[in-house]
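Hi,

Here is the structure I promised to pass on.

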Amino acid sequence: MLTITVYTTGPGCGRCLVTKRALDKEGITYREVNIRENPAAREYVTEELGYSEAPVCVVEDGTGEDHWSGFRPDEIERVAAARNATA
């Protein structure tokens, strides 16, 4: 089962918006978490994962976890291709 969480800084984040649009375009379902409203999520993204810019995408596929920061169409395409290969 593929689970994607997109950690954003809210509706004013341009990179967050284009990331969500790209995921939507690929038909990839995700859960959005606003790190400005969720201190635990902010700590996870900054302290545990080490990122300082949004969005942060965390992909869990049942075998492990993968993540990246910023607008990364290459990563979104990779996730879409992996999803399609297992469908």
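Predicted model: local features only at pLDDT ≥ 70, side-chain atom pairs only at ≥ 80, totals over all residues.

Residues are numbered from 1 along each chain as its sequence is written, and side-chain values use heavy atoms, with hydrogens and water left out.

**Overall**

The protein has three helices and four strands, and along the sequence they follow the pattern β-α-β-α-β-β-α. Helices (H or I, at least four residues) and strands (E, at least two) are DSSP runs, numbered from the N terminus. The C-alpha trace spans about 35 × 25 × 20 Å along its principal axes. Of the 87 residues, 39% count as buried (under 20% relative accessible area; exposed is over 50%, partly exposed in between, with a 1.4 Å probe and protein chains only). Take the contacts (heavy atoms within 4.5 Å) between residues at least 6 apart in sequence: 62% of them join residues at least 24 apart.

**The sheet**

The four strands make an open sheet with mixed pairing, in the order S2-S1-S3-S4; two strands pair if DSSP finds at least two bridges between them. S2 (31–34) and S4 (65–69) are at the edges with a single partner strand each, so one side of each has no neighbour in the sheet. S1 (residues 3–8) pairs with S2 in the parallel sense, over four bridges, and Val6 stands opposite Glu32 in S2. Helix H3 (residues 73–86) packs on this sheet, touching S1, S3 (56–60) and S4, and its direction makes about 155 degrees with that of S4. For such angles, axes are lines fitted to C-alpha atoms, for helices over the stretch in contact, and the range is 0 to 180 degrees between N-to-C directions.

**Helix H1**

Which residues of H1 are buried? They are Cys16, Thr19, Lys20, Ala22 and Leu23. These cover an arc of only 160 degrees around the axis, which puts them on the same side of H1 (the arc is that of the directions from the helix axis to the C-beta atoms). What covers the buried residues of H1 includes S1, S2, S3 and H3. Arg21 and Lys25, on the other side of H1, are exposed. After H1 comes Gly27, with a positive phi near 75 degrees.

Cheers
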